[in-house]
Amino acid sequence: VGLGEGATLHQPVFTDDCGSNIANNSEEIINGLIDTNQTGEELIGRISNHKFKDGGKYPTARLAVEMALLDGYAKLNDRRVANYTGTENVVSVPFGKSIGAKNASEMILQARASLKDGARKIKFKVSPHNIKEVLYAVKQLHDTNPELEIMVDANGGFNINNPEDIVSIQLLDALGLRMIEEPVSRVGDIRGLNSVQQLRK
């Protein structure tokens, strides 16, 4: 038995997932995977490309099933999930803060206040609309806190087929960030994420 979770809001605010549909949508995905002889990688591909009956994307439902699949695979091999993710020796997770301010001044102000509260990681919400503000804020924080782990989360907002968005992703990557979370949507077309990886080669 593999366990996974889909933590969602009560209402579909920034994705179409919510508490009332996560179980049914996860079950729909699982039913499409039963009685197959595919590899784990192939199953992950099927989860990513699953077409829901109502046309929704439901990324959290997909994630929950992926987590359960990985957990079940680890148990079958008498291992821990950490053995597959390279986190075997992690004993604690540093406190971090997600910043959703609209302009660079507010971003920097909130980030510095979080650092005073003990945050060791900062994550900015980034999109094509605020990319310049985020780039400036990250550079300012790096200048004053070179050891600070800084990340950005795009919530799949950049379009891999838009040249301006490609440049934005490359500018973010050049900052030496800890992570660029979901630069493009992974739902329905995993090739978009693969294309972002190719930008680094």
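Helices (H or I, at least four residues) and strands (E, at least two) are DSSP runs, numbered from the N terminus. I'm keeping that handy for the entries below.

**Before I start.** This is a predicted model, so I note that local features need pLDDT of at least 70, side-chain atom pairs count only at pLDDT 80 or more, and totals for chains, interfaces and linings use all residues. Residues are numbered from 1 along each chain as its sequence is written, and side-chain values use heavy atoms, with hydrogens and water left out.

**Leu9.** I looked up Leu9 and found it in the segment before α1 (22-31). Leu9 is partly exposed, at 45% relative accessible area (buried is under 20%, exposed over 50%, partly exposed in between; 1.4 Å probe, protein chains only).

**Core.** Next I went for the largest nonpolar core, which has 26 residues (a core is a set of buried Ala, Val, Leu, Ile, Met, Phe, Trp, Tyr and Cys residues joined through side-chain atoms within 4.5 Å). Phe124, Val126, Val134, Phe158 and Leu172 have the most contacts inside it. At least two core residues come from each of α5 (104-116), β2 (121-125), α6 (131-144), β3 (149-153) and α7 (163-173). The top giver is α6, with six residues.

**Rings.** I counted two aromatic pairs (Phe, Tyr and Trp rings, six-membered for Trp, with centres within 6.5 Å; planes under 30 degrees apart are stacked, over 60 edge-to-face, the rest tilted). Phe52 and Tyr58 have ring centres 4.9 Å apart and planes at 80°, so this pair is edge-to-face. Both Phe52 and Tyr58 are buried.
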